[in-house]
Amino acid sequence: MFVVTYRKFFYGLSALLMIGSIVALSVWGLKFGIDFKGGAILEVAYTDVRPETAQVKEALAPLSLGEYSVRTTGEKGFIIRTKTITPAEKTAIVEALSKGGVAVTESRFDSIGPLLGAEAAKKAMTSIALVILCIVLYITFAFRAVSEPVSSWKYGLVAIFSLIHDVLVPAGVFAVLGHFQGIEVDTLFVTALLVILGFSIHDTIVVFDRVRENLRLNRREDFATTVGTSINQTFARSINTSLTVLIALLVLYFVGGESTRHFTLALLVGIVAGTYSSIFLGSPLLVTLEQWQNKTK
C-alpha cells in the first residue's frame, strides 16, 4: 500500500520531470542530426597519433564548409558533420586532414538531402503516434470485461498519460544534452523511443492484469487496497526485469561503439522512466480516477 498511500508524492515527482522536460524542449528543443535535417557525416581514423580537435578545424578552415562540427570517436578517430557535400568536397576534406604525410583512412560516410531528412522526421512522429494509438486500443479491448469500479477505457487513458511521461523524460534529457554537449538525435533515437514504449506498456499491463485478477477474486475489497496489493505482488518482478535490462545496457554503453552510445543512453533513461511510471504513476492513477468518480456520484 506504500505506493498508493503516498501517490501524491510520486505524482509531484512525475510532474516535476514532465514540466522540466517540456521547458527544456520549448527553450532549447532537440538538436536534430543529419537523419532529420539533411547533411553529411564523415568518420575518419588516424593510423598514428590523433591530432587535437583544434588542429583538425584549422586544417578544414580553408575549405569553406559553412557550419560544421568535429567530435572525437574511439582512440584515433574523428566524426565530422557538415552540410550536404559532393564527393569532390569529401575528397578535399580527407586530403586536408592528410596534409604533412599523416595517414588518414575513411571509416564511414553518409549523406542525406534535406527533403529526405524532413520526410524521416515526419515518419518518425507518425510511427510514435500510431504505436501509442494501437497500445491504447489494445488495452481498451483486453480490459473490456472490466467495468467496475473503473471502466476499461480509463485504463487506456492512464496508459496514454504514462506513455507520454515515458517519451517526454528521455526527450527532455536529450534536449539538455543537445544544448550543453551538442548531442544530436537521429533515427536510432526514435527507435529507442519505440522500444521504451513497448517495454513500459509491458510492465504497465502486468500490473493492470493483476488488478483485474484481484478484482475478480475479491469484489468486496476497497479498490485502493486492491491496487496496492497488485503493485506489491508485481513490484519485485518489475524491478528485477528492469535491472536485468539496465545491466546489459550499461555494459553496452561503456563497452559498445560510439555509434550506439546515444541510442543506449536513451534506452537507459527511458526504461528507468518507464519502470517508474508503471509502478508509481499508472496504477495509482487508477485509484485517483476511482475516487474522483465516486465524488462526482
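1. Start with Val44, which sits opposite Phe78 in strand 3 (strands are DSSP runs of E with at least two residues, helices runs of H or I with at least four, numbered from the N terminus). Thr72 also has Phe78 of strand 3 as its bridge partner.

2. A word on the source: this is a predicted model, where local features need pLDDT of at least 70, side-chain atom pairs count only at pLDDT 80 or more, and totals for chains, interfaces and linings use all residues. Residues are numbered from 1 along each chain as its sequence is written, and side-chain values use heavy atoms, with hydrogens and water left out.

3. Four strands make an open, antiparallel sheet in the order 2-3-1-4 (two strands pair if DSSP finds at least two bridges between them). Strand 2 (69-73) and strand 4 (104-112) are at the edges with a single partner strand each, so one side of each has no neighbour in the sheet.

4. Six bridges link strand 1 (residues 39-46) with strand 3 (residues 77-82), and five bridges link strand 2 with strand 3. Strands 2 and 3 form a hairpin with three residues between them, and Gly74 in the turn has a positive phi of about 65°.

5. Last, have a look at helix 7 (residues 152-181) and helix 8 (residues 187-217): their axes come within 10 Å and cross at roughly 150° (axes are lines fitted to C-alpha atoms, for helices over the stretch in contact, with angles from 0 to 180 degrees between N-to-C directions; contact means heavy atoms within 4.5 Å). Among the contact residues are Tyr155 and Phe174 of helix 7 and Phe189 and Leu215 of helix 8.
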